[in-house]
Amino acid sequence: MNDQDILRIMTDKPYRKNVGMVVFNSLGKVIVGERVQFPGSWQFPQGGIDEDEDYLEAAKRELYEELGVKKATYVTEYPDWIPYDFPNSLGLNAHLQKFRGQLQRWILFHWDGSLEECDLVHHEQEFLTIQFMEIEETIQSVVEFKREVYAKFVPLFKSAIQNYIAENSKSK
């Protein structure tokens, strides 16, 4: 099989619908996790959208499955779906091999819990560990093939986080 054949096969595949969740606290820090399969890289929780599932419902479900967080407050979302292709070098599991990449919807949530309240193992473990980070640092901390995606939504979410904190500190 030559490169043209591989390229044709890759582009004939559909994108998998996926949702990403950015969770921030009242200090403006966001939760990122070190993925089991990408030690040293830090990313936001994300997961597939089931057939006939609303993406906001999927975001809440995935937030619970990956972090054990149930009571996060919806703040906003990136207005468009953002696609990315899986690199050929990525050792995909059989379920993901039928997809070209993922088509993501990004949702911003506020949650003031502590990392100790998170449960990374009650479902299928995705993260080795989690930490709080400045949102703008996440573009460089994520695996390289997702950086373009993060560069799209991070500026909008950074502004939304600052606005949310400013608005909610006035009401206290």
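# Strands, core and charge pairs in a predicted model

Reader: Which way do β2 and β8 run, and how many bridges join them?
Author: In this predicted model, β2 and β8 run antiparallel and are joined by six bridges. Within that pairing, Ile31 has Phe132 in β8 as its bridge partner.

Reader: And what about β2 and β3, how many bridges are there?
Author: Two bridges join β2 to β3, and these strands also run antiparallel. Here Glu34 is the residue whose bridge partner in β3 is Trp42. The hairpin that β2 and β3 make has six residues between the strands, and in this hairpin Gly40 takes a positive phi near 95°.

Reader: Is β2 enclosed or open, going by how many of its residues are buried?
Author: Six of the six residues of β2 are buried, so the strand is largely enclosed by the rest of the structure. Val30, Val32 and Glu34 point one way from β2, while Ile31, Gly33 and Arg35 point the other way, and all of them are buried.

Reader: Let me move to the core. How many residues does the largest nonpolar core have, and which have the most contacts inside it?
Author: The largest nonpolar core has 27 residues, and Val22, Phe44, Trp106 and Phe153 are those with the most contacts inside it. At least two residues of this core come from each of β1 (15–24), β2 (30–35), β6, β7 and α5. Helix α5 gives the most to this core, with seven residues.

Reader: Which residues is Phe44 in contact with, leaving aside its neighbours within four places in sequence?
Author: With those neighbours left aside, the contacts of Phe44 include Val30, Ile31 and Val32, and also Met21, Val22, Trp106, Phe127, Tyr150 and Phe153. Ile135 and Thr138 are in contact with Phe44 as well.

Reader: Now the rings: how many aromatic pairs does a search of the whole structure find?
Author: The search finds 13 aromatic pairs. One of them joins Phe44 and Tyr150, whose ring centres are 5.2 Å apart and whose planes are at 25°, so the pair is stacked. Phe44 lies in the loop between β3 (42–43) and β4 (46–48), whereas Tyr150 is in helix α5, so this pair ties together parts that are 106 residues apart in sequence.

Reader: Are Phe44 and Tyr150 buried or exposed?
Author: Both Phe44 and Tyr150 are buried. Another aromatic pair, Tyr55 with Trp81, is edge-to-face, with 5.7 Å centre to centre and 75° between the planes. Tyr55 lies in helix α2 and Trp81 in the loop between β5 (73–77) and β6, so that pair ties together parts that are 26 residues apart in sequence.

Reader: What lies over the face of Trp81?
Author: Lys17 lies over the face of Trp81, at 4.8 Å from the ring centre. Trp81 counts as partly exposed, at 29% relative accessibility.

Reader: Which residues do ring pairs link into a cluster?
Author: Ring pairs link Phe44, Trp106, Tyr150, Phe153 and Phe157 into a cluster.

Reader: Changing topic again, how many salt bridges does the count come to?
Author: The count comes to 10 salt bridges. One of them is between Glu57 and Lys60, at 3.8 Å from N to O. Both residues lie in helix α2 (residues 55–67), three residues apart, which is about one turn of the helix. Glu57 is partly exposed, with a relative accessible area of 44%, and Lys60 is likewise partly exposed, at 43%.

Reader: Which residue does Arg100 form a salt bridge with?
Author: Arg100 forms a salt bridge with Asp85, and the closest N and O atoms are 3.2 Å apart. Arg100 lies in the loop between α3 (94–97) and β7 (101–110) and Asp85 in strand β6 (residues 82–85), so the pair ties together parts that are 15 residues apart in sequence. Arg100 is partly exposed, with a relative accessible area of 23%, and Asp85 counts as partly exposed at 37%.

Reader: And how far apart are the closest N and O atoms of Glu136 and Lys158?
Author: In the salt bridge of Glu136 with Lys158, those atoms are 3.6 Å apart. The pair links distant parts of the chain, with Glu136 in the loop between β8 (127–133) and α4 (138–141) and Lys158 in helix α5 (residues 147–170), 22 residues apart.

Reader: Last one: which residues are linked in a network of salt bridges?
Author: Asp50, Glu53, Arg61, Glu62 and Glu65 are linked in such a network.

Definitions and conventions. Residues are numbered from 1 along each chain as its sequence is written. This is a predicted model: local features need pLDDT of at least 70, side-chain atom pairs count only at pLDDT 80 or more; totals for chains, interfaces and linings use all residues. Side-chain values use heavy atoms; hydrogens and water are left out. A salt bridge is a side-chain nitrogen of Lys or Arg within 4 Å of a carboxyl oxygen of Asp or Glu. Helices (H or I, at least four residues) and strands (E, at least two) are DSSP runs, numbered from the N terminus. Buried means under 20% relative accessible area, exposed over 50%, partly exposed in between (1.4 Å probe, protein chains only). A nonpolar core is a set of buried Ala, Val, Leu, Ile, Met, Phe, Trp, Tyr and Cys residues joined through side-chain atoms within 4.5 Å. Contact means heavy atoms within 4.5 Å. Rings of Phe, Tyr and Trp (its six-membered ring) pair if their centres lie within 6.5 Å; planes under 30 degrees apart count as stacked, over 60 as edge-to-face and the rest as tilted. A charge sits over a ring if NZ of Lys or CZ of Arg is within 6 Å of the ring centre and within 35 degrees of the ring normal. Two strands pair if DSSP finds at least two bridges between them.
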